[in-house]
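Hi there,

I am passing on a structure that I have been looking through, with some notes to go with it. Have a look first, and then read on for what turned up.

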Amino acid sequence: MSEVQILESVQQFIARQHGHFIDGENVAAEAVERIELYNPATEQVVSTIAVGNQNDVEKAVKNSHDAFLNAWANTSPYERGLKLNKLADLVEAHAEELAQLETLTTGKLINISRHLEVAQTVIFLRYFAGWATKINGQTMQPSIPSANGEKYTAYTMRQPIGVVAGIVPWNFSLMIGVWKIGSALTTGCTIVVKPSEFTTLSLLRLAELAIEAGIPKGVINVVTGKGDTGQHLINSPLVKKVSFTGSVPTGIAIGKQAMASDLTRVSLELGGKNAAAILADANIDEILPTLLQATFVHQGQVCAAPERFFVHQSKYDELVSKVSAAVQQLKIGSPLDESSMFGPLSNKPHFEKVKHYLDIAQQNNQVITGGKALEGTGYFVEPTLLKVSGVDDPLFIEETFGPVVDVIPFETDQELIEMMNHSRFGLTASLWTNDLSKALRLIPQIEAGSIWINMHTFLDPAVPFGGVKASGVGREFSDAFIEDYTEVKSVMIRY
Ligand code: NAD
């Protein structure tokens, strides 16, 4: 099959000289330096972006602060919800354009960009839109003694925290950007977004659509650049909260920096080394399609996806042979070709990192299936299954964030739980079983923020998401995000 036709609108957008998006328009950066964005399937430059310095960042934050005070804080909750819904409509109307922008710089299969990234972006925007009219305080009855018949009442109100900095990774730039934008806007905050330096375009385009949706200028600003640009944002005194999604080392650095910057609030959604436990009763043929999809979607570059399969000894050989056979059938190819089933890794540094782990596995004779980078152009690697030497093996411990999975046998439940929890991370986990009684006993013992039964990697806005241990601080979605984006003000009245 041939590649999809790149839309005229996409060609025009990538050909533009992009600056930052501030006060509703493209604003040239102060510095002349540019960052090149590459197509990971062809290694060709797709477009370039600007590098935000301190002045650029201050301009964006100041403008976002003005928009908070003068526009968004005076917009009724109903209006905020309407505008977020309107933005969702526009994302839907421009779905193919956004999907192509995403695929061109992330290497995400075009159908995953369409049916997961963009489709979920719409769903999340509508979910957050619904919250705008439902964020309320409480009333209380104080017990203060009343000597002369005076009475007391009290209530709380939730107020938007102000300007939020949203720092976004490269794997699902649009959708993860919208997790932050939706949370900020529905609570009445404004936001300055710093997309990843590898995949910046879709959020720049979304910011334009927000203006078309009637969201006032400055409510969503975008500054582009690398980590330095992000640091300027965190240091800005007008930024009241940092919402970060990315790697553990960056998250820890950001957390410290935010605390040092007058205790700026911070929520951190970080990495994982997630476990999928296939129990003795699991029917391998039945679970195989879902397990494969959950593991290898977007070439395994999904924070929530499993990288460690724990398989009951009685099912180990069957699982290994069936998963190996299935991944060898995945057609590796251009992400713009609708018949491809597996695309490239998203960028060169990440490709080098994953290749490093594959080389170690090759040297130590640990490869069960796959294990190689493809010759030729593009950052392609094979979907890979590995053996590990034990729980101290770096391949057991470190997040590869790629299509690389350890397969580890276990005998007893106790052994399973000990190995699953032997990790500094605690983002997600899954149990594959129809033994409900066993699953309900194991769930409380697993150290992870999200646990799935007979599924993995599925996120839904109604269900809180976030990690324990080094996988993060805070929760997104459901009503959990409200705490992070609002301040509670207490009011007590004597009468
Ligand atoms: P990263 O930490 O390298 O970068 C993330 C973002 O932070 C980018 O925009 C980057 O420019 C910026 N940044 C880098 N250094 C910074 C600094 N010192 N100060 C401020 N900003 C800085 O992560 P990545 O490689 O883009 O993404 C992959 C990682 O993200 C993986 O570890 C993955 O597990 C994690 N991730 C987690 C979730 C989640 O929800 N828990 C979701 C997606 C990805």
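How many of the 495 residues of the chain count as buried? The share is 56%, where buried means under 20% relative accessible area, exposed means over 50%, and partly exposed lies in between (1.4 Å probe, protein chains only).

Before the rest, a word on how to read this: it is a predicted model, in which local features need pLDDT of at least 70 and side-chain atom pairs count only at pLDDT 80 or more, while totals for chains, interfaces and linings use all residues. Residues are numbered from 1 along each chain as its sequence is written, and side-chain values use heavy atoms, with hydrogens and water left out.

Now the overall picture. The chain has 16 helices and 20 strands; these are DSSP runs, H or I of at least four residues for helices and E of at least two for strands, numbered from the N terminus. Along the principal axes, the C-alpha atoms fill a box of roughly 75 × 65 × 40 Å. Of the contacts (heavy atoms within 4.5 Å) with a separation of 6 or more, 73% are between residues 24 or more positions apart.

On to the cysteines. There are zero disulfides in the structure, a disulfide being a pair of cysteine sulfur atoms within 2.5 Å. C189 counts as buried because its relative accessibility is 0%, and C303 counts as buried at 15%.

T103 may be worth a look on your screen. This residue belongs to helix α4 (residues 95-106) and is buried, with a relative accessible area of 1%. Leaving aside residues up to four places away in sequence, T103 touches K108, L109, I110, S113, P335 and L336.

Finally, two backbone notes. Most residues other than glycine have a negative phi. D23, however, has a positive phi near 55 degrees; D23 lies in the loop between β1 (20-22) and β2 (25-27) and is partly exposed, at 35% relative accessible area. D262 also has a positive phi, of about 55 degrees. D262 sits in the loop between α9 (248-260) and β11 (265-269), and with a relative accessible area of 76% it is exposed.

Best wishes
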